[in-house]
Amino acid sequence: MALSSGATTSRNNAKTTLSIRNSMIKQQPMPLVGYEADKIIHRYDRRPLEVGWRLNSLSLPLLGWYMALLMDKTLGIDDQEAVQRKRGMELRLHLVRSGSVVLIKSGQALSLRPDLIRNKIWAEELGKLVDAVGSFPDVDAMDIMKGQLSDLLPRIQAAPSAIKQKKKNPSASSKLTRMVAKDPILSLFEFDNDNRAVASASIGQVYKAKIRRGPALEAAIGKKAADHWGGRTVAIKIQRPDAAAAASLDMYLIRRAAMWLSKFRGGDLPAIADQFGMQLFGELDYIREANNNERFRALYGDWNNVQVPEPCTILTRSKVLVQEWVDGQKGPWLGDSGIDMVRLGLKCSVDQLLHTGLFHSDPHRGNLLQTSEGSLAFLDFGMMADVTEEERYGLVGLLIGLQNKDLPLVTENLLKLGFLEDTTQIDELIPRLRLAVKNATGGTGKISDLNFSRLQAELDKISRENVLKFKTPPFFTIIIRSLTILEGFALSVDPKFRLVRGSYPYVLAQLLSPEDDQATPEELKKILVRLLTVNGEEKEVEWERLTDFLRLAQKAASTYDPSLDDTDDKVSLSRQTIDMFLKFLTSKTGLFLKKPLVLELAETIDGMASASESNLMRVSRGLLRPLPGGNGPVNTRRMEELRVFVETLQNALVIESSTAEDGRARIEGMVSFLREIVSILGDDIRREETAPILDEIFSVCQMVAVQILEIRGTRAMRNILRLDPQ
């Protein structure tokens, strides 16, 4: 009884978690405030001297750096490691001194792509931009923190015991230490590193501190929150005082350049610039970042081997963010553990794109940590993108269409997503797109070799040619940027890693093994119907493609469940293929396959019976005649497709063995599987868990039997009435 109660509780907890997750998916993001392109243009159009100074401060140092590169090449010393190290350091310092949020973020992204900048030493230097951008004075940071949290001061001062508590340590040596010790708000925290920043980034700098327990904390945030957060170590991110102004001026330059370039090369470049601007200004609002953090944590915080820090929203303000501290190692990571981290990040990214739509758009090495427990920790939720359902499944259609070389499907989704404006140019686009894909795969033409940075360059090239009315949608640019960074992580671990090849099994696993019984989105249903039924007509199953999908999806199964024991044999692992297929058929997502499945099974069984009847009649020389309605036509193609599919499921039951023992292994696997079925039927708990699948199997068997009777009955009536078969 205790076991049954525990299992029921576990299922109820799973349902509760799923319900919370679904509610978070539906939750709308906080509105973005701050980025208004027209106002930024209007403001800086009237400040030409400020704009000119900014252009000079950005361009002249980089021009001087480039001239030094040319001089190195002229002198023949450009390949010396010391010289390359010096130029890499100079480039990093130029980006830091520029104060440009955009340039620093670009440097962070390039640090993960030595294959693009073609210099590993420069990539190492740019990698220091993750947490060493140069800090602003700690006293200024504490002033910002005091001002942001000033609303807590009246509550703290209203508690006499709290006031008394904050008057200790009057003989502190430094101005910063005296400031922290005497201020009631700053004294809520016990700062590490002598009250100094432990890391600095493009927009803010980070402090490590412990939240002090006591009456002051209770007075400031309430007893319940104080009990939860008191004594916990947190990261405090304080925004640079000039971050908003620097971002505004950067966006003015970017948008003006986009407006100018769009006149010559076509495409909606200002819209792409605006999308980036909204992302950038979203990072400047720490309240919005904390909200993104909460949403992401609700969606992925309970995943195995994934860690998402908890935000302390009650102490977070627009320029001060407080969240749980996470210890870990920045990527890229080497060895098998590094590959595991990449796969986990890839799995999570696929789920973000296909299921939740909440996409982490800035996964550089400072925002992904490998914890001591081997988990992947996500940090920094300022740059997040909410991808709509239509965009998500349009991307799915593109990925699957490219993998299966289904150009009509690819073209359809290019139109749907807004890549192509003029439908009359489809015939011109297809050969151009083929060439772009071939170039992006390094000439192999295999989608599994697709390089996202090359693909982006090829798409930009089509747009620059200005022959086709072709443009890259803003949301796609953000996703490509994120995937390019993730691809850089993967390549640093395994130079042969290809993102599409790695992500495709996860995509299929998401499609074929839905985790809930929610209504299937119409866009997803259209894709699946088109892929898994002949000509998308829902009359015949595409058995070959379904078999391939199951095989690929099973590849993801071994990495989807990190709790799987490495010692598990092929039986326990491969049965996930069967489980995945049955769950797909019994879900609302796979419901469209039920009718064609019944028809094809009935026709196949009838064909097998007819073939046996024909053989029996031939052997008996006509003495043994088939029953009325028997000896019908045999669809050999369909029987062969079903045979291959059934063989795939049978192979999922076979213990790994040599070729000579393959037949015996198959029998042993089938016996083992039947024993498992018997154990399920004899166990109340397991029978309850598998009841929907078993009910669906019995339902399909009944429908197949009825369909066979209908086929044979119709044939018998036609024979009696001597009508031509249809």
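**Aromatic pairs and model confidence**

Ring pairs join Phe296, Tyr300, Trp303, Phe378 and Phe381 into a cluster. The model is a predicted one. A search of the whole structure turns up nine aromatic pairs.

Take Tyr44 and Tyr252 to begin with. Their ring centres lie 5.7 Å apart and their planes meet at 45°, so the pair is tilted. Tyr44 belongs to helix 2 (residues 37-45), and Tyr252 to helix 14 (residues 243-265). The pair therefore ties together parts that are 208 residues apart in sequence. Tyr44 is buried, and Tyr252 is buried too.

Now return to the cluster. Tyr300 and Trp303, two of its members, form an edge-to-face pair. Here the distance is 5.0 Å centre to centre, with 75° between the planes. Tyr300 and Trp303 are both buried.

Charged side chains also meet these rings. Lys347 lies over the face of Trp303, at 4.4 Å from the ring centre. Arg43 lies over the face of Tyr44, at 5.4 Å from the ring centre.

How far does the predictor's confidence go? The protein has a mean pLDDT of 76, and 69% of its residues reach 70 or more. Among its elements, strand 6 (residues 320-324) has the highest mean, 97. Helix 1 (residues 2-26) has the lowest, 47.

Two stretches deserve a separate look. Over residues 162-167, pLDDT stays under 50, and the model has 14 contacts for them beyond four places in sequence. Over residues 655-660, pLDDT is also below 50. That stretch has six contacts in the model beyond near neighbours in sequence.

Methods: Residues are numbered from 1 along each chain as its sequence is written. This is a predicted model: local features need pLDDT of at least 70, side-chain atom pairs count only at pLDDT 80 or more; totals for chains, interfaces and linings use all residues. Side-chain values use heavy atoms; hydrogens and water are left out. Rings of Phe, Tyr and Trp (its six-membered ring) pair if their centres lie within 6.5 Å; planes under 30 degrees apart count as stacked, over 60 as edge-to-face and the rest as tilted. Helices (H or I, at least four residues) and strands (E, at least two) are DSSP runs, numbered from the N terminus. Buried means under 20% relative accessible area, exposed over 50%, partly exposed in between (1.4 Å probe, protein chains only). A charge sits over a ring if NZ of Lys or CZ of Arg is within 6 Å of the ring centre and within 35 degrees of the ring normal. pLDDT is the predictor's confidence in each residue, from 0 to 100. Contact means heavy atoms within 4.5 Å.
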